[in-house]
Amino acid sequence: MARKLLPSPFGSASAIALGCALIGAVGCQGNRSELPPVHLIQNMDFQQRFDAQEVNDFFKDVDCANAHNPHQCEGRAARLPVAGTVAVGQLHDDDELYRGRGADGRLIDRLPAAIKLSTELMARGEERYNIYCQPCHDYTGGGQGIATLRGGGFSVAPKNLNDPQIRAMPLGHFFDVITNGKGTMQPYAAQISAQDRWAITVWVRTLQVARTPEEAK
């Protein structure tokens, strides 16, 4: 005669405990807590490191006794780059492209080898000119842009780019002025890339040629 096995109380207790745990886990979804989340996998979230502008007392860049501002004598976690450091892609060793000058140091009167004349370049130059140059130099380069007509005008009028003396300048001159500024005009190297500065230069020359008398061409 076969024996009848009674169910184990431990199996039932385990099933109940597991069920309660699952219900509890589901019930916690969406609850708010002031405590930080539990990081089962750290993924380098917590490290012995300093943020870019954080104070690091290991470094003392300024003598506190001579500091005009007490905050100046706090050591900085961010260190200055080694002298002569060049960021990747920022070498800019092509003097024609980035400075508008040839091997002899003089301004060139042509496009650098890295820039090819095309309808796309001219269209880009017109677009950039109308954004950055037109407010002062107007759409034709005459130096009577809308900015000169507001607020009493400028004490020093923008150059008329169609003036014969300006028209005689080499192409690199306009690139240099856009890059470094001249007189009361501020530099635009930070706002306009070198390629776009050359595109603007091409458009300036286009405006000049379009307004040059036939006998002077």
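Reply: Happy to! Keep in mind that this is a predicted model.

Me: Nice start. Which residues of α6 are buried?

Reply: Helix α6 spans residues 171-180, and nine of its ten residues are buried, so the rest of the structure largely encloses this helix. The cover over those residues includes α2, α5 (164-167) and α7. The buried ones are Leu171, Gly172, His173, Phe174, Phe175, Asp176, Val177, Ile178 and Thr179.

Me: How many helices and strands does the chain have in total?

Reply: Read along the sequence, the pattern is α-α-α-α-α-α-α. The count is therefore seven helices and zero strands.

Me: Let's look at α7. Is Trp198 buried or exposed?

Reply: Trp198 belongs to helix α7. Leaving aside neighbours within four places in sequence, Trp198 contacts several residues, among them Glu96, Leu97, Arg110, Pro112, Leu171 and Phe175. Gly172 is 26 residues from Trp198 in sequence, with 8.6 Å between their C-alpha atoms. With a relative accessible area of 0%, Trp198 falls under the 20% cut-off and so counts as buried.

Me: And Arg197: with which side chain does the side chain of Arg197 make a polar contact?

Reply: Arg197 is found in helix α7, residues 194-210. Arg197 is buried yet has no salt bridge, and the nearest side chain of opposite charge, Asp196, is 8.4 Å away. Beyond four places in sequence, Arg197 touches Phe175, Ile178, Thr179, Ala189 and Ile192. Its side-chain polar contact, at 2.9 Å, is with the side chain of Thr179.

Me: Which residues share one network of salt bridges with Asp196?

Reply: The side chains of Asp196 and Arg124 meet in a salt bridge of 2.8 Å, N to O. Asp196 lies in helix α7 and Arg124 in helix α3, so this pair ties together parts that are 72 residues apart in sequence. Salt bridges with shared partners make one network, in which Asp196 is joined by Arg124, Glu127 and Arg128.

Me: Where do Arg110 and Glu96 lie, and how many residues separate them in sequence?

Reply: Their side chains form a salt bridge at 2.6 Å, N to O. Arg110 is in the loop between α2 and α3 (119-132), while Glu96 is in helix α2, so the pair ties together parts separated in sequence by 14 residues.

Me: Is Asp109 buried or exposed?

Reply: The side chain of Asp109 forms a salt bridge with that of Arg205 (3.4 Å, N to O). The pair links distant parts of the chain, 96 residues apart, with Asp109 in the loop between α2 and α3 and Arg205 in helix α7. At 54% relative accessibility, Asp109 is above the 50% cut-off and therefore counts as exposed.

Me: Let's finish on the surface. What accessible area do Val38, Leu40 and Ile41 have together?

Reply: Leu40 lies in the loop between α1 (9-27) and α2 (95-99). With a relative accessible area of 78%, Leu40 is exposed. Val38, Leu40 and Ile41 form a nonpolar surface patch, and their accessible area together is about 400 Å².

Note on methods: Residues are numbered from 1 along each chain as its sequence is written. This is a predicted model: local features need pLDDT of at least 70, side-chain atom pairs count only at pLDDT 80 or more; totals for chains, interfaces and linings use all residues. Side-chain values use heavy atoms; hydrogens and water are left out. Patches are made of residues with over 30% relative accessible area and no salt bridge: like charges are joined within 9 Å, nonpolar side chains (Val, Leu, Ile, Met, Phe, Trp, Tyr) within 5 Å. Accessible areas come from the Shrake-Rupley method with a 1.4 Å probe; for residues, only the protein chains shown count as cover. A salt bridge is a side-chain nitrogen of Lys or Arg within 4 Å of a carboxyl oxygen of Asp or Glu. Helices (H or I, at least four residues) and strands (E, at least two) are DSSP runs, numbered from the N terminus. Buried means under 20% relative accessible area, exposed over 50%, partly exposed in between (1.4 Å probe, protein chains only). Lys and Arg count as positive and Asp and Glu as negative; His and the chain ends are not counted. A polar contact is a pair of N or O atoms within 3.5 Å; within protein, one must be able to donate a hydrogen and the other to accept it, and residues adjacent in sequence count only if both atoms are side-chain atoms. Contact means heavy atoms within 4.5 Å.
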